[in-house]
Amino acid sequence: MTTGELREPLTDQGRTAGDVLLDVSGLTVEFERRRQPPLRAVDDVGFRVRRGTVVGIVGESGSGKSMTANAIMRLLPSGGRIVSGEITFGGTPLLGLREEAMRQMRGKRIAMIFQNPMTSLNPAFTIGRQMTDMMVHHERLDRDAAMTRARELLQSVGIPAVDRQLAAYPHQLSGGMRQRVIIAMALSCRPDLLIADEPTTALDVTIQAQILELLDEIAADPARAIVFISHDFGVIARMCDEVVVMYRGKIVETGPVARVLSEPEHPYTRALLGAIPRPGQRGQRLATVEDQIGATQPLGARR
Amino acid sequence: MLAGYVARRLVGAIPVLLGVSLVVFLAMQLVPGDIAKALLGPLATQETVEEFRHYLGLDRPLPEQYVNWLWRALHGDLGRSFSSNMPVTDLLVDRLRNSAILLAGSLVIAIPLGIAVGLISAIRRDTPFDRVTMGATLIAANIPTFVFGLGLVILFAVQVKWFPVQGMVDLRGEGGRFDLLKHLVLPAVTTAIPPAAIIARMVRSTMLETMSQEYIKAARANGLPERTVTLRYALRNALPPIVTISGLQIGFLLGGAVFTEYIFAWPGVGDALYKGILSRDIAVVQGAVLVVAVWFVLVNLAVDVINLALDPRARG
């Protein structure tokens, strides 16, 4: 344990927080529906992400955590639109950018890792081709230079027999290997911000631990920040410095991860933590969020 | 591996072709009337008719007739046309060449047009362009050849006289490539439009399906330009069903151009088939159907080989 003086600039995970890289405020996303009022998927969401830190967004399915990430990328599914709010990234207001300028941001300055490594690589192209496509486009590298960099990147994310993997098609790789490839691709243009949307959910537990370790290494770069989306408080506790708890499109609680875990203020956060199965609970019914907050926060009480 | 696959498929095609030839042979037996009588005319005596039937081999039992035909067909002899007294093989080789010209002409239109329309509709989903073209393709895919082909003739050959009404060459002119091309336009368009519409609908639906895949979302999140995302990442994955449906259309076009060839007096296989049926020219009908069946088998094989080459998972 460090002393009180040293603890000041450090975050809960012992990282050093830098200046604000991403500032989201008042973000509201709505989806058009037929003969119904639009569905508000994200409602007045605001949070800040400092360089050198990992900010977790936690919540159950449908809480709006992925939509928040998609809104930051400005890649909402059809029918969805950002109704209000501001997203400032490295001093640039993203919502004011033209589509072409926004596209230059994607992959180059903000990269995203998706949940399912089995479906987020193109099945028709080799790993090398997909990795270099991105670098050729953003960094104006030629194929050979891009291939050299792809080789280094794959080595850095712990992939063995790099040359063989570069020539392989996605189906020839295991899930864990594919997620490493996806992470290497996300890092290929040295982005400032990495958005990881449930990056370990589709993987089995041992692979999960390896990928978390890798992301931990990536988070060590003081110039970089990670937004880590998960429904799993255990993973959030392991990875994040700060946590944003979302419920039905709204932020219900936010703060340093240790504080939120030890003294959750909001009944929903308590309920979510209470829903984690613990050893010694054997034979008992597992608690659900509805069990615990049904009385305090009826499900229809959103607006 | 590929050669072995092709060999196995070709062997597998033999029973298919045997079945087709048998069905055609039996179907021709159902046609009412006696060929020998029809050929010799009303003045022939019963004796001459019997003699002629014997000469044609028509007095033998059916299985024997079939086996004889098959044996000769295997040696490249498809018999003699009753009506033109030409060897069917020679006749079909000529016809096949003409049909291939028509087929090539209509493919040059159908495939690029179908793919382009389907792509634009998929990219501009739910826009007026999409709605109008999808409505139009529904009509175009089902429009009878008589209506569409004759409509084109009335418009472009009779009214504005840009193209000739019928035939492959201008008998009064000097012929040549340009003359052939001028004669080709209307029949090629007539045969191209329904397949183009079917291909367009297929391209649109498979593109929409592919565009909803997560790797497309990932490609966008990686900042790749929309052109690369749709034309390379998505189209490449949408290709196998497009190849399959295009192949099916190419298969149909050779034999399915019967009405077009008839309307435009295009001397192809379809026209030979049509006339053969009318004059109960068994040898010609059998030969033509066999050619069409072989063509179908070959196109299907080509489609499967292309799709095998397109799918890295199938290559192992």
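In strand E4 of chain A, Gly80(A) is the bridge partner of Phe31(A); helices (H or I, at least four residues) and strands (E, at least two) are DSSP runs, numbered from the N terminus. This pair belongs to the antiparallel pairing of E1(A) with E4(A) (residues 80-89), which extends over eight bridges; two strands are taken to pair if DSSP finds at least two bridges between them. The model is predicted, so that local features need pLDDT of at least 70 and side-chain atom pairs count only at pLDDT 80 or more, whereas totals for chains, interfaces and linings use all residues. Residues are numbered from 1 along each chain as its sequence is written, chains are lettered from A and ligands numbered from 1 in the order in which they are written, and side-chain values use heavy atoms, with hydrogens and water left out.

The open sheet of chain A consists of four strands in the order E2-E1-E4-E5, with antiparallel pairing. Strands E2 (36-50) and E5 (92-93) of chain A each have a single partner strand and stand at the edges, so one side of each lacks a neighbour in the sheet. Strand E1(A) (residues 20-33) is joined to E2(A) by nine bridges in the antiparallel sense, and Arg33(A) has Gln36(A) as its bridge partner in E2(A). Between E4(A) and E5(A), which also run antiparallel, there are two bridges; Thr88(A) stands opposite Pro93(A) of E5(A). The hairpin of these two strands has two residues between them, and Gly90(A) there takes a positive phi near 55 degrees.

At the interface of the two chains, 28 residues of chain A are in contact (heavy atoms within 4.5 Å) with 19 residues of chain B. The chains bury about 2100 Å² between them, 58% of it on carbon and sulfur atoms; buried area is the accessible area (1.4 Å probe) that two parts lose on being put together, summed over both. Of the area that chain A buries against chain B, 24% is supplied by Phe114(A), Pro123(A) and His171(A), more than by any other three residues. One salt bridge is counted between the chains, the criterion being a side-chain nitrogen of Lys or Arg within 4 Å of a carboxyl oxygen of Asp or Glu. Arg232(B) forms a salt bridge with Asp133(A), with the closest N and O atoms 3.0 Å apart.
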